[in-house]
Amino acid sequence: MDREKVDLTGAPATMLATLYSKAVDARSAGSVLHDETAARAVDRIDHDFSRTGLPARDGISAVLRSKEFDRRAREVLANQPELTVLHLGCGLDTRVYRLDPPPTVSWYDVDYPAVIELRRRLYPERPGLFPTARSVEDPGLLDGIPGDRPVLVLAEGVTLYLRTAQGLATFRRIVEHFPAGTLIFDGYSSAGIWLQQRTGVVKASGARLEWAINDPEELTTLVPGLVFDEEWWFPSPADLRAHYPWFQRQVLRALFASPFKRLGRGLTYHFGSTR
Ligand SMILES: C[S@@+](CC[C@H](N)C(=O)[O-])C[C@H]1O[C@@H](n2cnc3c(N)ncnc32)[C@H](O)[C@@H]1O
């Protein structure tokens, strides 16, 4: 079978790093996600993955972040089987195959056209899955997506690539379009954005980062209707114990308890009545 050539720059290039970390995890003893689909995708892509800029030790952090997103998404899906899922900035993540939602769920994998085109070549179709080739910032993002059911919005490693005004406008459109919903994403403080801009993956991609989320409550005034539920850190305490050497564990624990804990963290919001 021919291998797929990829020539991506900017934000789309960053998804290769997170995909690669899942493939490395799948092939390691004691794998966390067992993401065989990601491993097969990496085999099919003709790309020098050493150029993604992700240091080996950071791969496990990306995998554990996905594990936590999966866990939280599974919880929502278990409580609301009749759901629309917007997986924003999905990249080549295989979440829909990992979670395997029932056919009552409509799942929209949203990313730039070049990314969605690649997904179509790498991954199988399945009932209820709608690959959606659009920018998350596109005012027409929700055109054609029925607004008659609650929505679960998942955006992992994405808000930092959106422009602030456009990201907020997308959240407002979602709140207006659906009767109720849960939003799960990661957000970065101003200092976090500054730091992320200097990490290997982002530098290698050439992406310019902008949208900082400092106070999570602030979003509820900028996006009327949104209710802030929870701020959470990855890796979880159990994963810290299981996957990190002693010294790194102490550093991360100290960071999560310090005034710098908002450099990067998970955020959960809801709107309408989802329960
Ligand atoms: C770091 S990758 C994360 C990919 C995936 N969520 C994961 O965890 O593996 C960032 C992704 O966000 C996508 N992205 C960034 N800005 C976007 C936009 N305005 N519209 C659609 N996708 C966007 C990129 O194309 C890329 O796939």
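Buried means under 20% relative accessible area, and Met-15, with a relative accessible area of 7%, is therefore buried. The legends below describe close-up views of a predicted model.

View 1. If neighbours within four places in sequence are left aside, Met-15 is in contact with Leu-8, Gly-91, Leu-92, Val-115 and Leu-118. The view also takes in Cys-90, whose C-alpha atom is separated by 8.3 Å from the C-alpha atom of Met-15, although the two residues are 75 residues apart along the chain.

**View 2. Val-6, in the loop that leads from β1 to α1.** Val-6 has its place in the loop between β1 (4–5) and α1, and with a relative accessible area of 14% this residue is buried. Leaving aside neighbours within four places in sequence, Val-6 is in contact with Leu-16, Ile-45, Asp-46, His-47 and Leu-118.

**View 3. The neighbours of Val-85.** Not counting residues up to four places away in sequence, Val-85 touches Leu-77, Val-105, Ser-106, Trp-107, Tyr-108, Leu-152 and Leu-154.

**View 4. The packing of α1 against α2.** The helices α1 and α2 pack at an angle of about 115 degrees, with their axes 8 Å apart. Angles of 65 to 115 degrees count as roughly perpendicular, and α1 and α2 are therefore roughly perpendicular to each other. Their crossing is left-handed. On the α1 side, Leu-19, Tyr-20, Lys-22, Ala-23 and Ala-26 take part, and these residues meet Glu-36, Ala-38, Ala-39, Ala-41 and Val-42 of α2. The residues of this contact divide into 8 nonpolar, no polar and 2 charged.

**View 5. The buried residues of α2 and what covers them.** Within α2, the residues Thr-37, Ala-38, Ala-39, Ala-41 and Val-42 are buried. The elements that cover the buried residues of α2 include α1, β2 (45–46), α4 and α5.

**View 6. Two residues with positive phi.** His-34, which lies in the loop between α1 and α2, has a positive phi of about 50 degrees although it is not a glycine. At 55% relative accessibility, His-34 counts as exposed. Asp-100, found in the loop between α4 and β4, is also a residue other than glycine with a positive phi, here near 45 degrees.

**View 7. Thr-104, in the loop between α4 and β4.** Thr-104 is found in the loop that joins α4 to β4 (106–111). The relative accessible area of Thr-104 is 32%, so this residue is partly exposed. When neighbours within four places in sequence are left aside, Thr-104 is in contact with Pro-81, Glu-82, Leu-83 and Arg-149. The C-alpha atoms of Thr-104 and Ala-212 are separated by 35 Å, and these two residues are 108 residues apart along the chain.

**View 8. Thr-170 in helix α6.** Thr-170 has its place in helix α6, which covers residues 164–177, and at 2% relative accessibility Thr-170 counts as buried. Leaving aside neighbours within four places in sequence, Thr-170 is in contact with Val-136, Glu-137 and Leu-141.

**View 9. The cis peptide bond at Pro-235.** The peptide bond from Phe-234 to Pro-235 is cis, and its omega is near 0 degrees. Pro-235 is found in the loop between β8 (227–232) and α10 (237–243).

Conventions. Residues numbered from 1 in each chain as written. Predicted model: local features only at pLDDT ≥ 70, side-chain atom pairs only at ≥ 80, totals over all residues. Heavy atoms only, no water. Contact = heavy atoms within 4.5 Å. Helix = DSSP H or I, 4+ residues; strand = E, 2+ residues; numbered from the N terminus. Buried < 20%, exposed > 50% of the residue type's maximum accessible area, 1.4 Å probe, protein only. Axes fitted to C-alpha atoms, helices over the stretch in contact; angles between N-to-C directions. Parallel < 35°, antiparallel > 145°, perpendicular 65-115°, else oblique. Left-handed = near helix turned anticlockwise from the far one by under 90°. Nonpolar A, V, L, I, M, F, W, Y, C, P; charged D, E, K, R; others polar.
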